[in-house]
Amino acid sequence: DYCQPILESVAKVFGDTVDKTGDIQGLIDDKGDFVYTIKDLGSKIVLEMKDMKPITLPYIKEQLDGGMTNRAAQYGIFVSKKREALPNYVGIFNEYDDNKLVIALGSELEDEIIHDDLIRVAIGWARLKLKQQSGQGPTLDTGKIRTKIQSVEAKIAALTNVKSKCTSIENDTEAIRSIVASVKDDIAEDLEEITKLLNA
């Protein structure tokens, strides 16, 4: 429910559609919480949303494979509410098998920093991958985008570290808040650059 208006706002920009399907029977069962349809291609992206831990990579792939088959989708995005639920090597943004993307929206220590932007980046990534495969899209500079994502991850780690220290520090709070605000601005700039790359 939290992600639905974000997905709908992304779809509106592109003239695409998004349907909440988690309670609706598909071809096999009810796998696939949302189906995002790219209007000019007719291609579908299935999204699986999870708020649980721990989550293994085999489980993620199983859920996405099942969701894609069930919803006749060509690409799958697995969304974890907390990155601590995922294996460390997955991080906040990682693609597998060329058609499965895993993202983590927040942390147990720091919440709601980049939810909207990261979902927008994930949909943009999947859209361009499907457009490329159909011969209708520009070349996606995955290396540059991955570098920016790694930069975001490093800054989030720094931000989380600072925020956790804030709980036990009474003095110098203004200086710490200034650091937090600066890092948040840096994160927003990086994500904006990623969005521009995806929309190029």
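User: How much of the protein is made up of buried residues?

Analyst: This is a predicted model. Buried residues make up 46% of its 200 residues. The cut-off for that label is under 20% relative accessible area. The protein exposes about 10000 Å², and carbon and sulfur atoms supply 49% of that area.

User: What elements does the protein have, and in what order do they run?

Analyst: There are five helices and six strands. From the N terminus the run is α-β-β-β-α-β-β-β-α-α-α.

User: How do you know which strands are the edge strands of the sheet?

Analyst: Start with the order, which is β1-β2-β3-β4-β6-β5 in an open sheet of six strands. β1 and β5 each pair on one side only, and that makes them the edge strands. From one strand to the next, the twist averages 20 degrees.

User: What makes the pairing mixed?

Analyst: β1 (residues 17-20) and β2 pair in the antiparallel sense over four bridges. β2 and β3 (residues 44-50) also run antiparallel, joined by four bridges. β3 and β4, in contrast, run parallel, with six bridges between them. Pairing counts from at least two bridges. The sheet is therefore called mixed.

User: Which residues are the bridge partners of Tyr36?

Analyst: Val18 has Tyr36 of β2 as its bridge partner. In β3, the partner of Tyr36 is Ile45. Further along, Lys50 stands opposite Ser80 in β4.

User: Which way do the residues of β2 point, and are they buried or exposed?

Analyst: Phe34 and Tyr36 point one way from β2 (residues 34-37). Val35 and Thr37 point the other way. All four are buried.

User: What lies between β2 and β3?

Analyst: The hairpin of β2 and β3 has six residues between the strands. Gly42 there takes a positive phi near 80 degrees.

User: Why is Asn94 called buried?

Analyst: Asn94 has 18% relative accessibility. The limit is under 20%, so Asn94 counts as buried. Asn94 lies in strand β5 (residues 93-96).

User: Why does Gly91 count as buried?

Analyst: Gly91 is at 15% relative accessibility, so it passes the under 20% test. Gly91 is found in the loop between β4 (75-82) and β5. Gly91 and Ile103 are 12 residues apart in sequence, with their C-alpha atoms 7.6 Å apart in space.

User: How do you know that the span of helix α5 agrees with its length?

Analyst: Helix α5 (residues 173-198) has 26 residues, and at 1.5 Å a residue it should span 38 Å. Its end C-alpha atoms are 37 Å apart, so the two values agree. The buried residues of α5 are Ile176, Val180, Val183, Ile187, Asp190, Leu191, Ile194 and Leu198.

How values were computed: Residues are numbered from 1 along each chain as its sequence is written. This is a predicted model: local features need pLDDT of at least 70, side-chain atom pairs count only at pLDDT 80 or more; totals for chains, interfaces and linings use all residues. Side-chain values use heavy atoms; hydrogens and water are left out. Helices (H or I, at least four residues) and strands (E, at least two) are DSSP runs, numbered from the N terminus. The expected span of a helix is 1.5 Å times one less than its number of residues. Buried means under 20% relative accessible area, exposed over 50%, partly exposed in between (1.4 Å probe, protein chains only). Accessible areas come from the Shrake-Rupley method with a 1.4 Å probe; for residues, only the protein chains shown count as cover. Axes are lines fitted to C-alpha atoms, for helices over the stretch in contact, and angles run from 0 to 180 degrees between N-to-C directions.
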